[in-house]
Amino acid sequence: MYRRLICFLKVFAVLDGPKQLVHHQLLERLFCSFLNHQDENVARLSVSALSKYKASYFVPSHTFFIDVSKKGQLKEALLDFTQRSKEGNIEKSHRKQLIPLLVRILFGRLSPKGKKSSKDTPTARRAAVVS
């Protein structure tokens, strides 16, 4: 089941013009719901699929969301986001749509996972988000 989900997400991540599909709003909501998945691959592919919708609020922050969903780059990406928001590089009108997406990704990253790693523990991830 997991491999099938990854295959479908890979197809939608490379698909140009998803707004031409019949139920594109449903797919967009589905991709948003996959952002809080515990697996980094599912979250990263969901970000790539959402980027194909070319929403005005999402396109400038696409690389940030890819970095947040990658393993080991959470703290650096959050620090970069904080710096960009202080400098005013993120429009205030876009924040209303970006913050729920960011919270979904962070929720998925902070959720406990089945396999344990010494560097990627829930405590270390929580510390990166809180700091």
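Leaving out neighbours within four places in sequence, R95 is in contact with S85, I90 and P100; contact means heavy atoms within 4.5 Å. R95 lies in helix 6. Helices (H or I, at least four residues) are DSSP runs, numbered from the N terminus. R95 counts as partly exposed, at 30% relative accessibility. Buried means under 20% relative accessible area, exposed over 50%, and partly exposed in between, with a 1.4 Å probe and protein chains only. Along the chain, R95 and F58 are 37 residues apart, and their C-alpha atoms are separated by 9.8 Å.

This is a predicted model, in which local features need pLDDT of at least 70, side-chain atom pairs count only at pLDDT 80 or more, and totals for chains, interfaces and linings use all residues. Residues are numbered from 1 along each chain as its sequence is written, and side-chain values use heavy atoms, with hydrogens and water left out.

**Helix 1**

Helix 1 covers residues 2–14. Its buried residues are I6, L9, F12 and A13. Seen down the helix axis, they fall within an arc of 130 degrees, so they line one face of helix 1. The arc is that of the directions from the helix axis to the C-beta atoms. An α-helix has 3.6 residues a turn, so residues three or four places apart point the same way. R3, R4 and V14 are exposed on the other side of helix 1. The buried residues of helix 1 pack against helix 2 (24–34) and helix 3 (40–51).

| Helix | Residues | End-to-end C-alpha distance | Expected span |
|---|---|---|---|
| Helix 1 | 13 residues | 19 Å | 18 Å |

The axes of helix 2 and helix 3 come within 8 Å and cross at roughly 150 degrees. Axes are lines fitted to C-alpha atoms, for helices over the stretch in contact, and angles run from 0 to 180 degrees between N-to-C directions. Helix 2 supplies E28, F31, C32 and F34 to the contact, and helix 3 supplies V42, A43, S46, A49 and L50.

S48 lies in helix 3. S48 counts as buried, at 18% relative accessibility. Residues up to four places away in sequence aside, S48 touches A13, H62 and I66.

K54 is found in the loop between helix 3 and helix 4. K54 is exposed, with a relative accessible area of 60%. Its phi is near 55 degrees, a positive value in a residue other than glycine. Most residues other than glycine have a negative phi.

**The core**

Which residues touch the most other members of the largest nonpolar core? Of its 32 residues, they are F31, F58, F64, F65, V68 and L102. A nonpolar core is a set of buried Ala, Val, Leu, Ile, Met, Phe, Trp, Tyr and Cys residues joined through side-chain atoms within 4.5 Å. Helix 1, helix 2, helix 3, helix 4 (62–69), helix 5 (74–87) and helix 6 (92–110) each supply at least two residues of this core. Not counting residues up to four places away in sequence, L102 touches F64, F65, V68, L78 and F81.

How values were computed. The expected span of a helix is 1.5 Å times one less than its number of residues.
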